[in-house]
Amino acid sequence: MVCEFMLIPRRDGAEIDSPLDLLPLPNGPWNGKIAYLDRDGVLNVGSENYINSPDELVILPDTAKSVAALRESGFRVCVVTNQSPIGRGLWSHDNLHEIHNKLRESLLSENTNAHLDLILYSPYAPWEGAWARKPNPGMLEAARQIISASEKNVEIKLKFDNDWDEKSDESNSIMVGDREVDMMAAFNFGVKGIRCDPEVGISDVISEILGD
Ligand SMILES: [Mg+2]
């Protein structure tokens, strides 16, 4: 069960455990692998002062092509992003939702296969010690359970940390991030972490991921 005191991830546009309608992958059935993607410095240009509105969102070159390539090679794609401005009281969940709507629309307008299956975020401030906040693995744990349950069409019953006793096989999955905190979250979850240059983003490492 989920501990009452445990600060768990939030899901863009829905309750964390509500059913997720997964779109079919472009080239056939899913084989279980997930690409867990940090957002800022991976999909879009990051900022020390946060991305505060849809107008501030600048997609990095070849991001749509790279996300599409992941899906075309069989990955489900989930964004896992720390968004402490909410916990700091700077802005709202609705504001973040508008930013994520623009992210989704921008990617799809460039490439119809550049679909993000799921966006999870940690709204907590660093001092709250949230299980959801990277370097903790809470968002990755939730992403795996939400996607796997939705593929099987069964109810999503989230468990975290030691309560989650049916750990998943992540041997074909990857986590891409531009910072050490992303690599630590990958390590803590048990998935291969791949670090990209924040000036380049995911296209920096896409051939490493796809092995071509
Ligand atoms: Mg980042």
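Predicted model: local features only at pLDDT ≥ 70, side-chain atom pairs only at ≥ 80, totals over all residues.
Me: Two strands pair if DSSP finds at least two bridges between them. In S4, which residue is the bridge partner of Val-79?
Reply: Ile-119. Helices (H or I, at least four residues) and strands (E, at least two) are DSSP runs, numbered from the N terminus. Five bridges join S3 to S4 (residues 118-122), and the two run parallel. The chain gets from S3 to S4 through helix H2 (residues 93-110), in a right-handed β-α-β crossover. Right-handed: with the strands pointing away from the viewer, the path from first strand over helix to second runs clockwise.

Me: Why is S3 largely enclosed by the rest of the structure?
Reply: Because seven of the seven residues of S3 (residues 76-82) are buried. Buried means 20 or more other C-beta atoms within 10 Å of the residue's own; 12 or fewer is exposed, in between partly exposed, with C-beta atoms placed from the backbone.

Me: Which residues sit on each face of S3?
Reply: Arg-76, Cys-78, Val-80 and Asn-82 on one side, Val-77, Val-79 and Thr-81 on the other.

Me: And S2?
Reply: Four bridges join S2 (residues 34-37) to S3, also in parallel. Leu-37 has Val-79 as its bridge partner in S3.

Me: New topic. Which residues have the most contacts inside the largest nonpolar core?
Reply: Tyr-36, Leu-37, Cys-78, Leu-120 and Ala-143, in a core of 53 residues. Such a core is a set of buried Ala, Val, Leu, Ile, Met, Phe, Trp, Tyr and Cys residues joined through C-beta atoms within 7 Å.

Methods. Residues numbered from 1 in each chain as written.
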